[in-house]
Every structure is written in structure tokens, then in C-alpha cells.
Amino acid sequence: MYVSGLFRVGFRSVWLWTATAYLCNLHGVLYGIGELFVVSVTGLGPIADAAGIFALGTGAGFFTRHILRRIIDGDLIECQWKRQELDDGLKAATGELGEIRPQLISLNKLRDALTGEEDELWRLHAVEMPPAIASALAQNLPKIVTVMHLKGGVGKTTTVANLAAHFGKKGKRVLAIDLDYQGSLSRMLMLAANIRNKDDPRAINLLSGDQDFAALQRQVISLHPTLENVDLISCGQTFDRFENRLMLRWLIGDETDDVRYRLASALTSQPFRDSYDLILIDAPPRLSTGAINALASSQVVLIPTVLDRLSAEAVGNFISRLNHFRPMNPALQYAGVIGTLRGQIGGADVKEGAFEIAQ
Ligand SMILES: Nc1ncnc2c1ncn2[C@@H]1O[C@H](COP(=O)(O)OP(=O)(O)OP(=O)(O)O)[C@@H](O)[C@H]1O
Ligand SMILES: [Mg+2]
């Protein structure tokens with residue numbers, strides 16, 4: 001009994017140690033010690049073996065399942081976090097896409113307009129003259145005249161200066177507005193009125209969108225009494241930059257109002273209507289922001305030209321371009337074409353030909 005018991009202990013010890021060692025070293029050690037004790041004390045070798053192996057297998061299985069579950073649970077939680085992050089990212093990206101899409105459309109439009117003609121830029125957004133401006137212009141109080149031609153050096157500025165001096169002398173309250181950053185009209189009139197000329201583009205205030213029209217009207221430069229009854233809104237170098245920035249902001253939709261009517265809003269406001277009978281605008285030889293505002297706020301446009309065939313042809317071209325802007329100011333009329341200077345190939349025939357072409 002003792003010998004066979006010893007033999008069984010020895011035999012079982014070998015394979016049990018081997019079998020359990022690879023499952024779990026610690027469990028193997030404990031089981032081996034327990035087995036030795038049970039066999040030697042009770043002699044219940046096979047039953048103890050079966051119970052021990054069952055307990056060991058269950059314990060190892062439980063232990064393995066527990067560990068695996070923890071690993072899987074951990075991975076699952078991580079996966080859920082990742083999914084939440086992705087969902088959040090997707091939501092944010094969808095929201096941003098919704099915001100970006102209209103900007104993208106307007107940028108594409110802007111790109112097309114920039115690569116097209118200058119006129120197209122100003123027709124990028126739909127236009128409708130505000131009814132208040134239309135009805136104020138219809139009353140002709142004050143009369144607003146733009147002197148304009150896209151050809152340079154044809155006498156626009158000289159015409160405005162002379163008309164202002166003439167009507168001022170006749171007792172009309174005249175406002176001359178310089179919208180050309182070259183500031184020629186400002187220099188010409190201020191020199192005539194002995195006012196120190198400094199670069200002071202007050203025209204910026206007219207297009208800035210400031211709604212305090214009474215304050216804007218008070219910013220005029222009075223040329224009285226040297227130039228009787230004449231006020232001036234001056235222009236200068238920085239006006240150019242201001243105009244470009246304003247146009248770009250409007251094109252990309254950063255301005256909430258229609259910047260094409262800013263001058264019109266000011267000139268048809270009560271403070272200006274109460275102060276003037278005649279407003280003369282000197283426009284630049286470009287379709288700048290100022291020029292577009294001048295066209296949108298005038299009842300008539302006057303076109304000076306040099307009296308030669310080429311200049312007269314340019315008048316026709318200018319008028320057909322102006323017609324593109326008719327929806328902006330449907331009531332705008334052509335007051336006529338003024339011959340200011342004679343062409344280099346002077347003479348009566350050239351003059352006659354020019355008038356015919358311009359007609
Ligand atoms: N009727 C005229 N008689 C003689 N000289 C004139 C007449 N009109 C204009 N000039 C002269 O022609 C030149 C150009 O005139 P002005 O500056 O008025 O043209 P403009 O069309 O306003 O030019 P820009 O396109 O550069 O604004 C000036 O030297 C001016 O003195
Ligand atoms: Mg000029």
C-alpha cells in the first residue's frame with residue numbers, strides 16, 4: 001500500500017507537474033503540493049486526480065475567459081470611442097461643407113468674372129434699384145449729372161470744373177464730387193479757390209456705408225466765395241485702394257448691402273436734397289467702384305470727347321458698355337456728347353465726321 005501509494009504519487013506527480021506547468025506555473029506548483037498531500041494522507045489518488053484536473057481546467061478556463069473578456073471589453077470601449085470621434089468629425093466636416101459650399105460657388109463665379117470683362121464683375125450679383133432711390137431720382141431734386149468717358153484725357157474734369165463754376169455763379173447750389181483717385185478736380189478747384197491742397201479723399205466717406213448723411217454733408221469743402229455757391233467732395237490717392245477693397249468684399253459677399261447704391265443713398269438723402277440744386281460728378285476713365293456708384297446715382301450722363309474719328313468711335317463703344325448697366329439705373333439718360341478738344345488732324349470735316357459717328 002505504502003509502496004504502491006508512493007509509486008502512484010511519483011507517477012502522477014510527473015505528468016501532473018508537466019500538464020499543469022504549461023497552463024499555469026503557479027497553479028501547477030500548488031496542485032502538485034496539494035496532490036502529494038491528498039494522496040499520501042487519504043490514498044484517494046484517482047479521485048483526487050480527477051477533481052484536481054477538473055478544478056484546474058475550470059480555474060484555467062475561467063481565468064482565460066476573464067482575461068480575454070477584459071481585453072475584448074477594453075478593445076470594444078476603445079472602438080466605441082474611436083467611432084464617437086469619427087462620428088463627431090463627420091458631423092463637423094458635414095457642417096463645414098455646408099458653410100463652404102456657397103463660398104465655393106461665389107468664388108467660382110468670382111474667378112469667372114475676374115477672367116472676363118470688367119463690366120461683368122459689376123453684374124455678378126443681381127441688381128435692383130431700391131424704390132426709395134428710384135423715386136428720389138425721379139424728382140430731379142437735386143439734378144445729379146455724371147461726366148464720364150472710359151477714354152482718358154478727353155476733358156471730363158475740365159468740364160465738371162467749368163460747369164460747377166458756371167452754375168454756381170448763376171446762383172445754383174452746386175456740389176462737385178471727385179471720384180477719381182488722381183484728384184485732378186480737387187486740385188483744380190481748390191487751386192482756383194486758393195485753398196491749400198492736401199491729399200484728402202473725403203469721397204471715401206460717401207462710399208463707406210455711413211448712414212449719418214447729415215454728418216457726411218457737413219464734410220464738404222466750401223469753395224465759396226471764390227467759386228460762388230460751390231462745394232467740393234475731394235478725392236486722392238488712397239481712394240483707389242479703398243475702392244478695390246470694397247469691390248472685392250462685395251463680390252465675395254462680405255458686404256451686407258449693395259455697395260453699388262451707397263453714393264445714391266447719400267445723395268438722395270434729405271441733407272443733400274436740402275443743400276443742393278445740382279450735383280456734378282467727375283468719374284474716372286475706368287469702371288471703378290466710384291464710377292459704378294456715379295452711374296447708379298445720376299439722372300443723366302454727359303460724355304466729353306475729343307473731336308476726331310477715333311475718339312468718336314470710342315464714344316459709341318462706351319455707350320454700348322453703359323447699356324449693360326441699364327438694369328442698375330433704368331432711368332439714366334444720356335445728356336449728350338460734348339466736343340471738348342480738337343483732334344490732332346483738325347478741320348471741319350473731321351469734326352463733322354466725329355459728330356455723326358458719336359450720334
Ligand atoms: N476745352 C478745353 N480746351 C483746352 N484744353 C482743355 C479743354 N478741356 C480739357 N483740356 C485740357 O486737356 C487735358 C485733359 O483734360 P482733363 O484732365 O479734363 O481730361 P480728363 O478726361 O478728366 O482726363 P482723365 O481721363 O485723366 O481724368 C488737360 O490738360 C486740360 O487742361
Ligand atoms: Mg479727369
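Two residues are in contact here if their C-beta atoms, placed from the backbone, lie within 7 Å. With that in hand: residues 24 or more positions apart account for 79% of the contacts in this protein with a separation of 6 or more. The model I am showing is a predicted one.

The protein has 359 residues, and 31% of them count as buried. Its secondary structure comes to 15 helices and 7 strands.

Let me start with the sheet. The sheet is open and has 7 strands, in the order β3-β4-β2-β5-β1-β6-β7, and the pairing is mixed. At the edges sit β3, residues 221-222, and β7, each of which pairs on one side only.

Now to β2, residues 174-178. How many of the residues of β2 are buried? The count is 5 of 5, so β2 is largely enclosed by the rest of the structure. In a regular strand the side chains alternate between the two faces of the sheet. For β2, V174, A176 and D178 are on one side, L175 and I177 are on the other, and both faces are covered.

What are the partners of β2? β2 runs parallel to β4, and 4 bridges join the two. One pair to find on the screen is I177 with its bridge partner I233 in β4. With β5 the pairing is again in the parallel sense, over 5 bridges. There, L175 stands opposite I279.

Further along the sheet, β1, residues 143-147, and β6, residues 300-307, run parallel and are joined by 3 bridges. V145 has V300 in β6 as its bridge partner.

Next, the helices against the sheet. Helix α6 lies across β1, β2, β4, β5, β6 and β7, and runs at about 165 degrees to β5. Helix α14, residues 309-323, lies across β6 and β7, at about 160 degrees to β6.

Helix α6 also packs on another helix. Two packed helices are described by the angle between their axes and the distance between the axes. For α6 and α7, residues 184-192, the angle is about 40 degrees and the axes are 9 Å apart. The crossing of α6 past α7 is right-handed. On the α6 side the residues are T157, V160 and A161, and they meet S184, L185, M188 and L189 in α7. By class, that contact has 5 nonpolar, 2 polar and no charged residues.

That brings us to ligand 1. Which residues are around it? They are G152, G153, V154, G155, K156, T157, T158, D180, S184, P285, T340 and L341. Two elements give two or more residues to this shell: α6, residues 156-169, and β7, residues 333-342. The largest share, 3 residues, comes from α6. By class, the shell divides into 3 nonpolar, 7 polar and 2 charged residues. T157 and S184 are in the shell, and both also belong to the contact between α6 and α7.

Two single residues next. V220 is in the loop between α9, residues 213-218, and β3. Is V220 buried or partly exposed? V220 counts as partly exposed, because it has 19 C-beta neighbours inside 10 Å, and the cut-off for buried is 20 or more. Leaving aside its neighbours within four places in sequence, V220 is in contact with L175, D231, L232 and I233. Its C-alpha atom is 8.0 Å from that of S234, 14 residues apart along the chain.

The other one is A264, in helix α11, residues 262-267. A264 is buried, because 26 other C-beta atoms lie within 10 Å. Not counting residues up to four places away in sequence, A264 touches I133, A296 and S297. From A264 to L137 is 127 residues in sequence and 8.8 Å in space, C-alpha to C-alpha.

Last, some backbone details. The peptide bond from L141 to P142 is cis, with omega near -5 degrees, and P142 lies in the loop between α5, residues 131-138, and β1. Another cis peptide bond joins H224 and P225, with omega about 5 degrees; P225 is in the loop between β3 and β4.

N140, in the loop between α5 and β1, has a positive phi, near 60 degrees. N140 counts as exposed, because it has 11 C-beta neighbours inside 10 Å. N194, in the loop between α7 and α8, has a positive phi near 55 degrees. N194 is exposed as well, with 8 other C-beta atoms within 10 Å.

Methods. Residues numbered from 1 in each chain as written. Chains lettered and ligands numbered in written order. Predicted model: local features only at pLDDT ≥ 70, side-chain atom pairs only at ≥ 80, totals over all residues. Near = placed C-beta within 6 Å. Nonpolar A, V, L, I, M, F, W, Y, C, P; charged D, E, K, R; others polar. Pairing = 2+ DSSP bridges. Axes fitted to C-alpha atoms, helices over the stretch in contact; angles between N-to-C directions. Left-handed = near helix turned anticlockwise from the far one by under 90°. Buried ≥ 20, exposed ≤ 12 C-beta atoms within 10 Å, placed from the backbone.
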